[in-house]
Amino acid sequence: MKNIMILLFVASIGIVQAQQAFKGKGDTKINIGANIQDGGSGIQGSVDFGLAENFSYGFVASYLLGVNEFSGFYNGGTTQYTNEKPDFKDRFDAKFRINANIGNVLNVDEKLDVYPGLSLGLKNFGGHVGGRYFFTDGFGVFTELGFPIAKYSDDNDLFDDLNNQVTFSLGASFNL
């Protein structure tokens, strides 16, 4: 029994010491979580690949599951809508993104990765600020705040605002 306790203690210290949020070139992170925004909520998945000590690129996709129906006159128009729901193209968004992983620059806990970045997507050009905290070498949590900088639409379509607004995401992060 004593040997098992010693083994567990040594293993737990090894796991604690092995945690590092962003390792740089060759590092791969996957985030899966909830996307929360005005008018709907959904799921978001992203993958980031380390290019250098403080730089990564990746992809993010989101799909809105729960979306409010719209009834009334949109944007001062003359067409009256009744219980309109968005199509797949209105609910889905995908983006290419780049991140500046600056946790070590800010001299924060090595288990914390802080990353501002830019994204180029199907609906807009935008930015994001996020953070990941790893409890073990392979598992952690993440949170992100995304925002549009330049929209591709003129806001004349009924559901243009769904993927052109500030979003909040949180969920699980995995280190591959």
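**Close-up views of a nonpolar patch and a cavity**

**View 1. Strand S9 in the nonpolar surface patch.** The largest share of the nonpolar patch, 3 residues, comes from S9. The model shown is predicted, and the patch, which covers about 740 Å², is made by Ile36, Leu118, Val129, Leu145, Phe147, Ile149, Val166, Phe168 and Leu170. At least two residues of this patch are supplied by each of S9 and S10.

**View 2. Leu118 as a member of the patch.** Leu118, one of the residues that make the nonpolar surface patch, is found in strand S7, which spans residues 112-121. Leu118 counts as partly exposed because its relative accessibility is 38%, a value that lies between the limits of 20% for buried and 50% for exposed.

View 3. The structure holds 1 cavity of 30 Å³ or more, and the volume of the largest cavity is about 270 Å³. Its lining is formed by 23 residues, of which Gln44, Val60, Lys95, Gly146 and Thr167 are the closest to the centre.

**View 4. Strands and residue classes in the cavity lining.** The elements that contribute two or more residues to the lining of the largest cavity are strands S1 (28-37), S3 (55-67), S6 (92-100), S8 (124-134), S9 (139-151) and S10 (167-175). Strand S9 gives the most to this lining, with 5 residues, and S9 also provides the largest share of the nonpolar patch. By residue class, the lining of the largest cavity divides into 13 polar, 6 nonpolar and 4 charged residues.

Key: Residues numbered from 1 in each chain as written. Predicted model: local features only at pLDDT ≥ 70, side-chain atom pairs only at ≥ 80, totals over all residues. Heavy atoms only, no water. 1 Å grid on protein atoms, 1.4 Å probe; cavity = no way out; pocket = protein on both sides within 12 Å on 5 of 7 lines; lining within 4 Å. Points joined across faces, edges and corners; volume = space filled by probe spheres on them. Helix = DSSP H or I, 4+ residues; strand = E, 2+ residues; numbered from the N terminus. Nonpolar A, V, L, I, M, F, W, Y, C, P; charged D, E, K, R; others polar. Patch = residues over 30% accessible without salt bridge, like charges linked within 9 Å, V, L, I, M, F, W, Y side chains within 5 Å. Areas by Shrake-Rupley, 256 points an atom, 1.4 Å probe, with all protein chains shown as cover. Salt bridge = Lys/Arg side-chain N within 4 Å of Asp/Glu carboxyl O. Buried < 20%, exposed > 50% of the residue type's maximum accessible area, 1.4 Å probe, protein only.
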